[in-house]
Each structure stands twice: as structure tokens, then as C-alpha cells.
2 protein chains.
Amino acid sequence: MSDPQYLSREKLSTSYTYDKRSGWRRFRALNLCRGMYHDVRRRLPYYWSDIRDALTYRTIASTIRMYFVNILPAMAYTLDMYRRTGEFYGINEALFSSALAAMVFSILGAQPLTIVGITGLISLFNYTIYDIVVIYEPAIYANFMCWTAIWAAIFHWVVAVCNLCDYMRYVTDFSSESFGAYVGIIYCIKGVEELVNEFTVYGPTAGFMSCMIAILYFLSIYGLEWLGSSTVCRPWFRGILADYAYVIGTIFWVGFAHIPGNLKETGISFIPISRAFYPTQPRGWLIHFWELEVKWVFAALPFGFLVMLLFYYDHNISSLTAQARQFPLKKPAGFHWDFFLLGCTTFLAGITGIPMPNGLVPQAPVHTDSLTIYETDLHIIPTSEGEGAELRRPIVKATAVVEQRVSHFLMGLAIMGTMTGPLLIVLHTMPAAVFAGVFFIVGWGSIESNGILQKMIFLLRENRFIQRDDPLLRVRRRKIILYISCQAIGVAACVAISQTIAAIGFPILIIALIPFRVWIIPKWFSQEELDVLDDLTADNSAVLGSLGGPPKFPAVELTETENYGLERRYSEQRRGITHQRMGSIRR
Amino acid sequence: MSDPQYLSREKLSTSYTYDKRSGWRRFRALNLCRGMYHDVRRRLPYYWSDIRDALTYRTIASTIRMYFVNILPAMAYTLDMYRRTGEFYGINEALFSSALAAMVFSILGAQPLTIVGITGLISLFNYTIYDIVVIYEPAIYANFMCWTAIWAAIFHWVVAVCNLCDYMRYVTDFSSESFGAYVGIIYCIKGVEELVNEFTVYGPTAGFMSCMIAILYFLSIYGLEWLGSSTVCRPWFRGILADYAYVIGTIFWVGFAHIPGNLKETGISFIPISRAFYPTQPRGWLIHFWELEVKWVFAALPFGFLVMLLFYYDHNISSLTAQARQFPLKKPAGFHWDFFLLGCTTFLAGITGIPMPNGLVPQAPVHTDSLTIYETDLHIIPTSEGEGAELRRPIVKATAVVEQRVSHFLMGLAIMGTMTGPLLIVLHTMPAAVFAGVFFIVGWGSIESNGILQKMIFLLRENRFIQRDDPLLRVRRRKIILYISCQAIGVAACVAISQTIAAIGFPILIIALIPFRVWIIPKWFSQEELDVLDDLTADNSAVLGSLGGPPKFPAVELTETENYGLERRYSEQRRGITHQRMGSIRR
């Protein structure tokens, strides 16, 4: 990192700004491609180091972990999507989409840490559109989805060219925690739906066995990750547990479902596979999108816009959380360029009839976590009890992140390998019950570490056992209740709408939380209260540099980002940072 | 407690001793009935206060909790015994036995805190004898068991008259932890057997559903008890959770198994019941023991001796742990008298053909716990970090125990109520799966809090995070390993023998741990090491007073009981005492 080209990093991080611009140049949207140009100029000098820096063990561990952590939920969602889109999207489509996204973003992406793949929300989108389309004309679903993607791609490009990603710098924990809770709840609901499907399609024996496997899978992974973050055994052993919890748990429970006897004979459901490299439906890979009537082409436009809105929030928040404040990142971000690329993959996904990939909210930060070198330090607190008395506490510190694009690339190669015939058959051995377990562990991870739940626990805790220097004590209890109520209402609205045919509208709700935080929240809370309750999701200057500098909240005279996140700083000072558990947005 | 009659308590506690006796009077066994006489003389003055002191809410909470905690494992064992003794012992026998024991010991017992009922070990005994008897002559099982009980009763009376219970004062954590681990493992094995039975008899659907219910029941109770010992919510609310975890969990999961649909239709097994107040087999309540051939009468003698050995250890250890060091008991104990009474109940159980009751290891200390008034105090540790810095910790203190005999009596009445027709039908709604869950929660509670496991975790923990003042650091690691290996070998031997037809011999193994601790262990460990590693299970002078004073270990010149249990004292000083979880012998 001592090459002369890096000396200008600080300068590059701050060169993209609108502070000193005047006339029409003041308007972001009119400075066409300015963000993308700066993104590339900023990141390109690091390209060689992105490959060279990868020569460590972390890259291998990260590749294996991300392969499982990426492919398991993708398969889980595909199972769901397969059933609910008239079997249009199958395993081959999902693998193709994941591999395409991994290749494009690992080679061309400005921020290769952001893992891109199939999310639960695009699955929700696809089957909700299917529900709407079948009302009119089931046969046009493929072409309609293709046009939705084409429109979405066009909107992506417009957003990227007009530098609109800049507004993501206003994302604080207020909205990202709400989004995390929403995603967590949806995951858990999907897990239950998966088990219910087992009951209704394969009968009660398969159903109960699946419930048992899903619960035990959840407990195994949870237990392994818990052990991995304890102080038991040597650090290298804990590291292995943390890295390979999913691998160990998945292999064990897949094997368990195949033990001869009651288990094997029960006939629970396994992942449905079809001929390798061919689409699930009898069609070519190219969708004949030119065969769609013009009225449907334009009917797809609003859907395309909603997909763009979803991706605008979901992809950028994945990228933000992958570069969140707890990771000591050194290399710069590139939101505009990556969003442009996302438009390209959306277009490709559309014309080949595969699910549109985008940034993965739980997986992207887990990727950074898997590349982070953690050190568990000993923190000795001298006490005045007795002679030489002291308390010994482990404090976890993130010392460095292996920032490179090789682990993402290798993971993509592994997914392409999985698309071949023999490995598809290995995939077919995986019971749907394991995927229900994946939903639970990912969903609960997102809920457990969520700031909303943490604040609720704070409110429930008996007052006298709260450390007196906890910053939350500086905020009145009813203000904390008001704050988490706002978040909870947002979450509840999103969850409710997701269960209806209006589900495709939920990106509007989620995005509305950002302006709500910027304009409404400061009217109800003082700046001191917000300093404790809220925090910028990413405050690294390398990240904010790509978004046109730190955000300017209307109510605050001076933008003092230094004061933000008192509660988080307090927690980190006392306990160190916690590992990124799969599924948790914060911490 | 200010009555004049109590003033001599300290004197009464120390009046039963052999220290200053000479001639034939030095030999305990020759001082016939001396222990029993002192037991009665010591306890009788407290009889009125045992009733008067019961007028508090604790008695009600204790009665409800103990009813569930006593009857659930008893039913669970009876299910097992019912199947494995040719359906000789059924629910009516188990209820009769529990009610009889509760009535006798609550009214006449010297220490009414010791809950007496049906243990897993007597169930193991009964079906192992069945396995042996059926080899020769299945028809004599009832009469043979009766004679076993008669012989056992005679041996009980001999032991009580000859003051042999005195040797229980040598019981330290070395053997009581081993016994706890053994009991815990047996419980877990029984839980698995219960589920396997569901698979083989009722088919895989019932099997998987039972597995699911057992796991979720375990998690519910564990979660409720965990919440109850946290610092969340108000103390009274936590108290309710701790008191009624079993009640809430059991009612919920029994109801769950009856939800119409897949759950109700699966047809899992429920407790088998028969006509109220009648024996399960078509017989009268009196066993015709005079119809047994003389050769079989004498064949039953060694079995009776083994039953006595089992009860000698099991009943007395229940009584010891019910009066263990963490409970601030004020009223005296009475081991000899209670063992005499146990002989009487054994005799009655024998001639009526019901399972022989004895002291319940997990339940007896839970009874004392349910009567203990805990206060969670705030412990502020001043630190030298920053101005006014401090750490806040909850410290649980046991301030008093409601020592009385009413809760035990009411619990007995409740069990008698359960014997009536309508309530038997309520019992019949309980699925066997819930009992598998009971086995798991009780078994795991015994293992989790066990000193053997705690020392293993200590050895596994990364050295730098261990508090420097932890007394275990004063003992070399290989000595700790040797110590827990001795315990583990004892446990493994007992578990192994329990799976064979030689199972009835396991009391010999368990009891052998006491002389092993007294004569062999001091040769391998220095007194300083034993002070850290081991501890008297009960060190209250009111308890030791009934056993002829504190123990004298051969290797130690001066009996300094003050030095024992450094590790335990250290833990209590730092964290306070922990609630007695169902199934844990220590803490």
C-alpha cells in the first residue's frame, strides 16, 4: 500500500463533491456520468492490488464460506419461486443468474466486496408479478418479465448517469435497521411456508421430519457460531468454527436426511433439478421479447420502475453495509459505476429469462466479515476490589480487511461448476427442510442483532443493572419508545404489504423511510437524542467520498458526523465489535 | 424464631457426637437408635413452626411448582416402567406411591423439605429385576418384588437403628457431581428411548412429531428459566417465570398436541390410564406375598440389599442437596429418622405392589429453591477507567428459606386428587413426547451445571481470559484433568452397567466413590488442591449435626472445613448463587 499511486487516495476520496460548484453544475443530475467517471478513476489504480492482495488464507476461507452463504438462500428462494411462478424459474436459472452476477461484479465492479445474487425480495417480486399476469394472460409471463427487466435496466442507467446514488449517503440506521428487521421477518415467514408446503404436498410425516431437521439445523449453526465467538479453545479453532459453521451444519444435516431407515424412507422433498445448462422450461435461453404486444410492453414500464427502486435501495444498502463503519476499509467505493453495471446484469437477466440479481443484504457484509482479520484482545479493567484486583474481558478488534476481488471471482467459478450435471445431482440431495433452516438462521440473525430489538431489550431491562454511562440513558424513555415505534410501524407496513398482491409496492415504503428520517424525524427529536439513537450506516470517508461527501441534514447547522452513533461507540468501547453473523445488518 | 425452645438449637445441633465417647459407646453401630432419638428430639420442637411458618405466598408457588416437577418425571418413568415390566406398574401405582410418600414424609419426616417420590433409578431397578425374573418364572414377579421390598425395608431399619447414615457426611462434590452427571445422562438416554418407542410403536409420523414437540418443549422451558434468571423486566415478573416455567411450558405443549389438523390426527401416544383407584393389573391392592416359594423369598434378599444401598445413597443425597450449603437453613436435619421412615414406606410399597418411593435428587433441592427468598442485589465494582466509572453486576442472594411442611403436604393432596377419575382423564391428554422433553430438560439441567463440565470448560477456555484470582489456577492443569477423569470414569462405568442386566449393581459403584474419595484421592492430591477442586456437599452445621459432626478425612490433621470449596466461594462472591435449575445437583 506504499505505492505512489495510493498517496492520492485521500484526495481521490474527496475529489467528487458538489460543494464548490455553481450554476447548472450545482445540480447533480445535470453532471452526467460525473459519479461514474470518478468511481472508475478512483478505483482503477487499485485493480492490480485487488488481485495481488488475495494471496492469503482468508481468501480461501472466504470463498468457501461465501459459496455456501450465497448459494443456500438462493436455492431456498428459488424453491419458493419455482412453485409460485408456474415453474418458470428453476435451479438452473438461479445458478446462471448467480454465476453471471459474480463474474460481472468480481471482474468489473468498483466494489468487489459487494456480493451480488438472488434475494428474497426479487423472488417476492417475480411471483407477485406472476400472480398479476396470470389474471390476464399467463402465456406472456416470460416476455413480460423480460420487458420489466429491460425497463428496469434503462432506469438503472438513468440513475447511474444522473448521479442519483448520491442520496444513499442519507441512509442511517433508522432505515437500514427497519429494512433488516423487515428482511428478517420475511425470511422467517418463508421458512414456515417451506415447512407448510412440506405438510401439504408430501404429507405429515415429511412435514414433521422437515420441522425437526429445520429446528436442529438452526440450533447447530447457531451453536457453532456462538462457540466461534466465545473465548473457548484457541483462536485458530474458533476461527475455523466461525468460517465453516454453514459448511459443517449443512453437510451434517443433508447427510442426516439420507440415513437409511425412518429418515430415508420418509420421502421429504429435495431440490428439483432439470437437465444441466438448459432452462427449466422447454425454451431457448433467449427470451423472444419482440413477440410481446406493445400494450404489454408499456404495461411493464411501471414494474420496471419498481424493480429499479427496489434495487436502488437493496443493492446500495448491501454495498453500504459491506463497507460499514466497523470494517477498517482502505480502498474506495464506487456506487454509481456499480449501479450502472447492475443495469447491465438486469438487462442480461431479462433477455435470458433468469431472476434478476442484485446486492445481497445479509451476504455482502458477511463477505467483508469473512475477509476481516479479527483479533481478540485482552482488556484488563483494574478495579478497586482487593489487592491487584482486575476484570478480564475479551475485546474483538478488526485489524484489517483483505480487500480483493479474487474470492468473489472464485465463488462465481464454484457456482458455474455447480451448474454441471454431476454437481447438480449433489445439489439434488439437499432436502427442502435444510432450506427452511437456512431461512430461520438468516432471518433470526437479522432480527437478533437488530437495533430495534436491542433498544427494546434496553427498555425492558431493570434500570439498576444498566451501566450508568450507557448513552441511551441520556434519552428519555418515551423518546426511545417513539423512535422504535416509527421503525416498527415501517416494518409492520412492509411485512403486511408483502403478503398481498400489492407486494411489489414495498420498495416505495422502504425508500420513503429515508426522506422521513431527513425531514420528519428531526422535528420530533433533538440532535442530541439522534446522536444517541441513530448512526450513519457507513461513515468511512472512502465510502462517503463516492457519494459526494457526508450528508447534510437540514436541521443541523454543522455536519458533525463525529458525534453520531454514541450508543454504538459506547458498545464497541466496552465489548469490541461483534462478528457479522449471517443475516445481521448491524454489527 | 425467638421462642426460648430455639435457643438450644446450636446445642442440639452438636449434641449428637461420638467425639467424647469411650468403650463400646465409641462404636456407632452399637449405640442403637441413638441417631433416631436425637433426630426426633432435635426436630420435634419445630413442628408447630413448620405449620405456622407456611403462611406465605412462597408456599403456594412452591406447591404448584413441585406438583409439576414431581409428577412429570414420575409419569415419564412410569411410562417406561409400564412397558418394561409387563404392564405391572401403571399410572395408578405411580400416583399412589407418590401420594403415600408425600403424606408420610410431610407429616412424619424430620426434614420435610426432602421431596420423596419415584426416581428413574427405581424404574431401572424394577425393570431389570423383571428382566431377570422372566428368565425363570414370570408369574412370581409381583410377589418377588414384594419380598425384595420387605428385605429392603428390614435393611433400612437396621441401617437407621445402627446410625449408619452418619457416613453420609463424607459425601463431597466428588461423588455427588458424578452422581449428578450419571443421572443426567440416564435422563437424556430415557428421553431418546421414549422417542424411539414412538417411532417403533406408533410409526414415523408420530415419531417425528414427538421429536419436534420434545425439542420445542425443551427450548421453551430452557428459555423461560433463562429469562427468569436474567435482569430483564421487574423482579416479580422474573419470579413468576422461574416459578411457573414448567406449568406454562407443559400446558402450552399439551394443548399444542391437540390442535385439530395434522397435529391431532397424527395419533401420537398419550399416557395410558386405567380405572381410578384400582391397580393396573386385575389384582387387589394387597400382594399375596405369603404365596411365594421359600427359595424365591431368599433369592429376593440380595436384591433387597441392593435396593437399600441405592436408597441409602439416593435418598440421603437428596436430603443433603435439599439442605445444601447455598440455602440459609435454620432448622435441623434428621437423616436417621427419615431413613427409618423410608424403610416403612418401602415396606408399604412392597406389600401393595407399587413402585418404592425415595428421595428425588433433582426435585428435593428444587423444592428448597422454590421456598427460598432470593434477592437480586446490585453489585457496583468501581473501576479506574475514566471518571466515576463503575461496573454494575447483579448478585443473587438467598436471604431466607420458608422451612415448613405444608407445601409438601399440599402437593401430596394434589397428587391424591389426580388419582380420581376426572383428573386421570386430564392426565391422559398428555402426550409421551412431552415426557421426552421433560427427560431432556431435567437431564441437561443436571449436566449443564455439573462441576465436571464446568471444570472441562475451564480447561478449554483460552488462558488469558481467565480471571487471575480464579482458585482453579492454583492447581496444575494435569491435576484438574486427573480429578475430572476419576469422576468421568465413575460416571462412564455407571452408565455402561445401566444398559446391561447387571444394572441393579450400580449402587455399589456409586457408593464406592465415597471411600474412594476418602482413602485414594488424598494420596494423589494435596490438601490445597482438594480445597479448590472439592467441597462438602452440605456444610451447614444443622445438617452435619445430624450426621455426628463434620467429617474427618484421614490425610488431614485438622478438619478445616473453612478452607473447603474455594472455587465455589469464589464464584459465589463474584456472581452470587445461581437458582437451582430443575435437574441440577450443584448450584
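In this predicted model, helix H7 (residues 141–161) of chain B packs against helix H12 (residues 335–352) of chain B at an angle of about 165°, with the two axes 8 Å apart. Chain B superposes on chain A by a rotation of 180° with 0.0 Å of shift along its axis, at an RMSD of 0.0 Å. The two copies are thus related as by a two-fold rotation axis.

**Helix pair H7(B) and H12(B)**

- Angles over 145 degrees count as roughly antiparallel, and H7(B) and H12(B) are therefore roughly antiparallel to each other.
- H7(B) and H12(B) cross in a left-handed sense.
- On the H7(B) side, the residues that meet H12(B) are Cys146(B), Ala149(B), Ile150(B), Ala152(B), Ala153(B), His156(B), Trp157(B), Val159(B) and Ala160(B).
- On the H12(B) side, their partners are His336(B), Phe339(B), Phe340(B), Leu342(B), Gly343(B), Cys344(B), Thr346(B), Phe347(B), Gly350(B) and Ile351(B).
- Sorted by class, this contact of H7(B) with H12(B) has 14 nonpolar residues, 5 polar residues and no charged residues.
- An α-helix has 3.6 residues a turn, so residues three or four places apart point the same way.

**Helix pair H4(B) and H13(B)**

- The crossing in which H4(B) passes H13(B) is right-handed.
- H4(B) contributes Arg58(B), Thr59(B), Ser62(B), Arg65(B), Met66(B), Val69(B), Asn70(B) and Pro73(B) to the contact.
- H13(B) contributes Gln363(B), Val366(B), His367(B), Asp369(B), Ser370(B) and Leu371(B).
- By class, the contact of H4(B) with H13(B) has 5 nonpolar, 6 polar and 3 charged residues.

**Relation between the chains**

- The rotation that places chain B on chain A is 180°, and the same surface serves both copies, with 98% of the contact residues of chain B recurring in chain A.
- Phe465(B) lies in the loop between helix H17 (451–460) and helix H18 (477–498) of chain B.
- At 7% relative accessibility, Phe465(B) counts as buried.
- Setting aside neighbours within four places in sequence, Phe465(B) is in contact with Thr231(A), Thr376(A), Asp377(A), Leu378(A), Arg392(A), Arg393(A) and Pro394(A).

- H2(B) is mostly covered, with 7 of its 10 residues buried.
- The buried residues of H2(B) are Arg34(B), Gly35(B), Met36(B), His38(B), Asp39(B), Arg42(B) and Arg43(B).
- Arg21(B) sits in the loop between helix H1 (9–15) and helix H2 (34–43) of chain B.
- With a relative accessibility of 23%, Arg21(B) counts as partly exposed.
- Not counting residues up to four places away in sequence, Arg21(B) touches Arg26(B), Asn31(B) and Arg34(B), and Arg34(B) is one of the buried residues of H2(B).

**Residues with positive phi**

- Most residues other than glycine have a negative phi.
- Phe277(A) is not a glycine, yet has a positive phi of about 70°.
- Phe277(A) is located in the loop between helix H10 (262–265) and helix H11 (294–322) of chain A, and is partly exposed, with a relative accessible area of 47%.
- Glu87(B), which is not a glycine either, has a positive phi of about 60°.
- Glu87(B) belongs to the loop between H4 and helix H5 (91–108) of chain B, and is partly exposed at 40% relative accessible area.

- Ser319(B) is part of helix H11 (residues 294–322) of chain B.
- Ser319(B) counts as buried at 3% relative accessibility.
- Residues up to four places away in sequence aside, Ser319(B) touches Gln111(B), Thr114(B) and Phe335(B).
- Val201(A) is found in helix H8 (residues 173–228) of chain A, and is exposed, with a relative accessible area of 52%.
- Val201(A) and Ile268(A) are 67 residues apart in sequence, and their C-alpha atoms are 9.6 Å apart in space.

Methods
Residues are numbered from 1 along each chain as its sequence is written. Chains are lettered from A and ligands numbered from 1 in the order in which they are written. This is a predicted model: local features need pLDDT of at least 70, side-chain atom pairs count only at pLDDT 80 or more; totals for chains, interfaces and linings use all residues. Side-chain values use heavy atoms; hydrogens and water are left out. A crossing is left-handed if the near helix is turned anticlockwise from the far one by less than a right angle, and right-handed if clockwise. Helices (H or I, at least four residues) and strands (E, at least two) are DSSP runs, numbered from the N terminus. Contact means heavy atoms within 4.5 Å. Ala, Val, Leu, Ile, Met, Phe, Trp, Tyr, Cys and Pro count as nonpolar, Asp, Glu, Lys and Arg as charged, and the others, Gly among them, as polar. Copies are superposed by least squares on the C-alpha atoms of residues with pLDDT of at least 70 in both. Buried means under 20% relative accessible area, exposed over 50%, partly exposed in between (1.4 Å probe, protein chains only). Axes are lines fitted to C-alpha atoms, for helices over the stretch in contact, and angles run from 0 to 180 degrees between N-to-C directions. Angles under 35 degrees count as roughly parallel, over 145 as roughly antiparallel, 65 to 115 as roughly perpendicular and the rest as oblique.
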